There are 4 protein chains.
Amino acid sequence: MELTGPIVLSDNRYGKAENRVVRIYRDEARHEIRDLNVSTVLRGDFADAYISGDQSKVLPTDTQKNTAYAYAKEPGVQTIEEYALALAGHFVSDVEPVDSARIEVEEYAWQRVSVGGSEHDHTWTRTGPEVRTATVTVRGKGSDQRAWVIGGVRDLVILKSTGSEFADFRTDEFTTLAPTHDRMLATALVAQWRFTTTMGVDWDEVYTGIRARLVESFATLHSKALQQTLFAMGAAALEAYPVLAEVRLAAPNKHHFDYDLGRFGIDNHGEVFHAADRPYGLIHATVSREDAPDAGPAWRA
Amino acid sequence: MELTGPIVLSDNRYGKAENRVVRIYRDEARHEIRDLNVSTVLRGDFADAYISGDQSKVLPTDTQKNTAYAYAKEPGVQTIEEYALALAGHFVSDVEPVDSARIEVEEYAWQRVSVGGSEHDHTWTRTGPEVRTATVTVRGKGSDQRAWVIGGVRDLVILKSTGSEFADFRTDEFTTLAPTHDRMLATALVAQWRFTTTMGVDWDEVYTGIRARLVESFATLHSKALQQTLFAMGAAALEAYPVLAEVRLAAPNKHHFDYDLGRFGIDNHGEVFHAADRPYGLIHATVSREDAPDAGPAWRA
Amino acid sequence: MELTGPIVLSDNRYGKAENRVVRIYRDEARHEIRDLNVSTVLRGDFADAYISGDQSKVLPTDTQKNTAYAYAKEPGVQTIEEYALALAGHFVSDVEPVDSARIEVEEYAWQRVSVGGSEHDHTWTRTGPEVRTATVTVRGKGSDQRAWVIGGVRDLVILKSTGSEFADFRTDEFTTLAPTHDRMLATALVAQWRFTTTMGVDWDEVYTGIRARLVESFATLHSKALQQTLFAMGAAALEAYPVLAEVRLAAPNKHHFDYDLGRFGIDNHGEVFHAADRPYGLIHATVSREDAPDAGPAWRA
Amino acid sequence: MELTGPIVLSDNRYGKAENRVVRIYRDEARHEIRDLNVSTVLRGDFADAYISGDQSKVLPTDTQKNTAYAYAKEPGVQTIEEYALALAGHFVSDVEPVDSARIEVEEYAWQRVSVGGSEHDHTWTRTGPEVRTATVTVRGKGSDQRAWVIGGVRDLVILKSTGSEFADFRTDEFTTLAPTHDRMLATALVAQWRFTTTMGVDWDEVYTGIRARLVESFATLHSKALQQTLFAMGAAALEAYPVLAEVRLAAPNKHHFDYDLGRFGIDNHGEVFHAADRPYGLIHATVSREDAPDAGPAWRA
């Protein structure tokens with residue numbers, strides 16, 4: 001099928017990615033740190049920049065960068081959700097051609113070091129690998145303005161050394177996997193949760209609480225498959241926080257294969273594993289409240 | 001707003017990611033190589049695996065892996081588009097609970113080495129960084145089955161040392177960027193093109209042709225912004241290949257900053273640059289034929 | 001100068017790199033985990049493999065891999081130092097052509113998750129980015145056999161938001177840096193410490209203790225330069241542990257630049273920084289006891 | 001053994017790592033590009049900076065950065081070897097406390113794009129993954145000054161689909177590998193060659209020539225092991241270029257495992273492979289002329 005219609009710009013967006021903003025609060029002897037990776041994305045009346053090269057409506061990505069750093073100072077970064085709401089709101093409210101703004105933030109965690117048994121005032125070590133995330137979309141001017149907040153965590157690497165099986169699965173002519181009733185289960189979880197509101201939420205408390213629910217569900221559910229574990233994790237978060245509309249989970253199955261020591265006359269007994277790199281199973285689940293409001297542009301990349 | 005409705009599984013998919021399949025054709029003295037990274041994703045009647053842990057409909061990701069390798073042997077990998085069509089078709093047609101399958105393939109390029117001025121029969125060096133990609137979706141059983149093919153390239157790193165400007169842009173109180181009428185322009189392009197059909201296409205010829213159009217447009221258009229360059233690149237591909245419905249482009253602006261040598265009494269004259277890492281501008285454009293057929297699930301991650 | 005002498009093999013070594021060994025102890029309900037990346041390197045009578053292709057003395061790297069996994073079962077991995085000593089000793093003592101073996105181990109840390117306020121028996125989350133390391137070299141047969149142990153940590157990312165300056169440095173015609181008496185100081189430390197013995201050391205206690213000394217020194221020394229801080233860190237470790245002969249430290253200066261908000265009429269006051277990627281200062285220091293025994297092959301890559 | 005001697009600074013060095021210098025020659029319509037990653041390392045009279053924090057002899061790493069960019073303008077970057085010689089010479093000759101300087105350079109390759117069948121004047125695409133390297137050390141003042149140049153290539157990924165075997169190797173109780181007389185052989189080569197002189201060398205010609213010898217040897221030698229192949233590669237380079245004193249090669253054995261399709265009733269016939277990530281064999285060889293001059297500090301990290 002050959003097409004002959006006119007060629008058009010059917011979608012576009014632009015922004016500044018990966019601004020590495022670090023904010024220190026130092027009003028008191030005990031400093032606080034917020035270590036962020038901030039990306040801005042704008043949509044709006046920008047077609048001329050693409051079609052004719054006319055930049056008159058384009059706010060440079062360099063300006064977006066400056067703004068991300070300036071907003072880290074004032075209003076500051078109490079939480080990444082609030083910071084992103086402020087920054088997105090600014091772009092939509094104050095820059096005429098902008099119809100919607102999306103701010104993606106990653107926050108790297110730091111732990112205060114201990115000196116002589118006490119927490120130090122201004123020294124930290126990085127912890128991870130897990131990273132807290134927030135994705136905020138603001139759309140519309142004036143009283144039509146609406147906002148969506150998605151919180152999340154990525155690279156939450158979690159492992160259980162028993163309490164997991166995989167059996168009674170469908171087979172075909174290409175199936176060689178043996179069923180198992182005791183295996184290691186490990187993943188590097190990415191989870192994102194959509195809020196029903198942007199106001200009145202204790203963002204830090206909810207983050208800590210959801211993370212705890214995810215981890216507890218992973219640990220305590222006797223798992224018949226990573227699929228089942230993911231659904232349980234998402235459901236636990238939704239049950240605990242009625243302010244959540246849905247939870248999206250993506251989980252690589254970080255395979256740990258029993259190393260065949262029997263060839264050397266050694267019984268492995270599920271104690272020595274090879275941690276494989278690629279390929280890996282990759283499982284996705286979206287768990288929702290049935291009465292969740294429409295997501296609007298919240299998930300639009 | 002607090003939700004009280006039932007908690008449901010609203011979406012799910014699963015598969016085996018990053019199978020590193022290498023296929024050698026060695027029927028003749030002159031061998032051929034196809035070096036692939038293959039990911040499979042299945043959708044269908046899999047809710048029970050999530051909700052109750054019942055795996056009876058789940059084709060293990062390990063089986064999907066085996067199948068990806070087996071299909072590399074037969075029917076083989078003439079092109080990644082054909083290979084992915086065959087593999088996706090198998091999962092949907094032959095595995096009852098599967099409603100749709102998505103196969104994502106990356107192909108790494110190798111160049112035959114020269115020995116004594118002649119191409120060697122069975123030795124190659126890797127070339128890159130650019131990677132050819134294909135994403136194939138097959139949905140539906142029997143006569144309802146439909147398929148979508150998206151070709152592409154990623155990490156096509158391209159740079160021009162003049163013929164690019166950025167000026168006459170919008171400013172606000174956070175704007176400090178100076179306009180420039182001669183700058184370096186560089187990106188690591190990701191481009192994907194959706195075909196209107198899955199049959200009768202010379203996949204290799206189209207890939208080579210589109211790549212040439214993209215590169216030529218980048219080189220020859222005097223650029224007023226990366227946005228303008230991207231639109232021109234997409235339009236050039238569509239114009240050359242009526243079998244394409246749309247082209248999606250994502251381009252980081254790999255900033256090269258003039259190094260300030262004036263502080264040392266040296267005129268730079270646009271010859272010495274610092275190649276910056278982060279942050280970077282990130283520009284997206286979708287260029288389409290107005291009469292393009294609906295994309296269906298082609299772009300659904 | 002043109003050379004005409006015979007061409008010879010002047011050095012060689014070989015091994016299996018990055019065996020991802022995971023050892024679970026599950027004799028009791030409360031499991032233990034050791035998550036390792038193990039590399040083996042052998043030296044010895046292997047010249048024929050290079051010169052004539054004669055493999056008769058070559059123990060395959062595949063065999064080395066099998067051995068690394070088998071030794072993780074028995075004698076097991078109480079500490080990575082003991083495991084590496086056993087594995088290296090085996091290669092030298094039991095494989096005739098091997099003159100010396102070097103085992104490099106990285107250990108990834110896991111933290112037991114909390115469920116209902118209690119530590120879970122068999123579920124953990126990964127912590128990091130810091131990684132504990134050990135490098136063990138064993139050389140010689142029978143009563144001539146000797147061994148060297150180097151412990152270490154890498155990617156210990158540490159930051160202080162004040163208590164650091166850099167001023168009164170040498171300048172030349174290319175110097176533009178302004179002196180500062182209050183800056184952020186951050187690094188991703190690599191430290192390695194050489195032990196004077198392989199026996200009678202409480203490896204875990206020493207690791208924990210050295211890490212604490214390194215971190216405390218970084219926090220408490222008012223720093224006139226990263227160089228000074230590194231020397232103090234190494235000296236603190238040596239002072240606390242007379243069983244150490246030397247400490248080698250490598251520290252990228254992870255620059256955090258004050259973002260210039262004055263352009264927008266905002267006083268930064270040392271609160272908003274850009275965390276830069278490249279380039280970075282890179283400082284090395286070796287701190288030793290003057291009566292340290294010779295290092296022998298301990299540091300030989 | 002417990003040490004009681006004084007704690008001393010036994011070694012130190014410092015510099016600026018990974019300056020991303022891009023140099024464009026634009027005197028004519030046809031531009032030229034040099035894309036570099038430059039690291040500087042200084043040794044000298046810097047102990048006070050470590051021990052007492054006295055920075056008076058320390059040339060800041062920021063100044064080293066400025067100098068790397070300034071030298072890219074003048075004398076410029078005809079070849080990375082000459083650029084590094086000039087930059088290292090400056091630090092040693094012009095900065096009093098510096099005893100020796102080591103400059104490490106990586107050069108990324110770009111290929112001129114084709115437009116309408118002709119090479120474009122100022123647009124290129126990146127090629128790789130291979131990277132040309134140079135490591136230059138200059139030591140001493142005035143007439144005592146000496147210099148060493150090491151050229152090299154890294155990430156030269158090369159593969160042959162036949163003409164490689166591995167058999168008749170030593171076995172022990174942990175050996176399970178089957179001998180093979182036809183396997184795939186692949187590596188990502190790192191090679192470095194030390195020159196006997198710093199003058200009168202056509203650096204570009206030698207680089208191209210050595211690369212050709214390395215590749216041809218890999219292709220044409222029927223390989224009994226990667227060890228044998230490496231020695232032959234190094235010897236070929238030395239034979240072709242008497243100006244070389246030695247060649248050091250490091251080669252991961254990028255394992256490609258025959259995928260077991262027999263389980264599905266399919267004969268593989270050496271055509272379908274799994275390209276594995278970790279672990280990998282890692283082979284090192286140093287090939288030298290017996291009359292090579294002493295390496296001095298050339299290889300000192």
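A salt bridge, as the term is used in these legends, is a side-chain nitrogen of Lys or Arg within 4 Å of a carboxyl oxygen of Asp or Glu. By that rule, chain A and chain B are joined by two salt bridges. The structure is a predicted model, in which local features need pLDDT of at least 70 and side-chain atom pairs count only at pLDDT 80 or more, while totals for chains, interfaces and linings use all residues. Residues are numbered from 1 along each chain as its sequence is written, chains are lettered from A and ligands numbered from 1 in the order in which they are written, and side-chain values use heavy atoms, with hydrogens and water left out.

**View 1. The interface of chain A and chain B.** Chain A and chain B each bring 87 residues to their contact, where contact means heavy atoms within 4.5 Å. About 7300 Å² is buried between the two chains, with 57% of it on carbon and sulfur atoms; buried area is the accessible area (1.4 Å probe) that two parts lose on being put together, summed over both. On the chain A side, the residues that lose the most area to chain B are Leu3(A), Ile7(A) and Arg170(A), which together account for 11% of what that side buries. Between these chains there are 44 residue pairs in polar contact, both residues being at pLDDT 80 or more. A polar contact is a pair of N or O atoms within 3.5 Å; within protein, one must be able to donate a hydrogen and the other to accept it, and residues adjacent in sequence count only if both atoms are side-chain atoms. Glu18(A) forms a salt bridge with Arg278(B), and their closest N and O atoms are 2.9 Å apart.

**View 2. Strand pairing across chain A and chain B.** Helices (H or I, at least four residues) and strands (E, at least two) are DSSP runs, numbered from the N terminus. Among the elements giving two or more residues to the side of chain A that touches chain B are strand E1 (7–17), helix H2 (61–73) and strand E11 (280–289) of chain A. E1(A) provides the largest share of that side, with eleven residues. The residues on this side of chain A comprise 39 nonpolar, 27 polar and 21 charged, where Ala, Val, Leu, Ile, Met, Phe, Trp, Tyr, Cys and Pro count as nonpolar, Asp, Glu, Lys and Arg as charged, and the others, Gly among them, as polar. E1(A) pairs in the antiparallel sense with strand E11 (residues 280–289) of chain B over ten bridges, two strands being paired if DSSP finds at least two bridges between them. Within this pairing, Tyr14(A) stands opposite Ile283(B) in E11(B).

**View 3. The two domains of chain A.** Chain A is divided into domain 1 (13–139) and domain 2 (145–296), with bounds that come from an automatic or database domain assignment. Taken over C-alpha atoms, the centres of domain 1 and domain 2 of chain A are 28 Å apart, and the contact takes 20 residues from domain 1 and 19 residues from domain 2. The two domains bury about 1700 Å² between them, and carbon and sulfur atoms give 48% of this area. Glu130(A), Arg132(A) and Arg139(A) supply 32% of the area that domain 1 of chain A buries against domain 2, more than any other three residues. The domains are linked by three salt bridges and by eleven residue pairs in polar contact. On the side of domain 1 of chain A that touches domain 2, E5(A) gives the most, with eleven residues. The side chains of Glu106(A) and Arg154(A) meet in a salt bridge at 2.8 Å, N to O.

**View 4. The interface of chain D and chain A.** Here nine residues of chain D and nine residues of chain A are in contact, and about 850 Å² is buried, of which carbon and sulfur atoms give 56%. Thr176(D), Phe264(D) and Asp277(D) supply 50% of the area that chain D buries against chain A, more than any other three residues. Two salt bridges cross this interface, and Asp277(A) forms a salt bridge with Arg278(D), with the closest N and O atoms 2.8 Å apart.

**View 5. Neighbouring strands within chain D.** Strand E4 (residues 98–115) of chain D pairs in the antiparallel sense with strand E3 (residues 32–44) of chain D over ten bridges, and with strand E5 (residues 118–139) of chain D over 14 bridges. Ser100(D) is the bridge partner of Arg43(D) and also stands opposite Arg139(D) in E5(D). In the hairpin of E4(D) and E5(D), which has two residues between the strands, Gly116(D) takes a positive phi near 60°.
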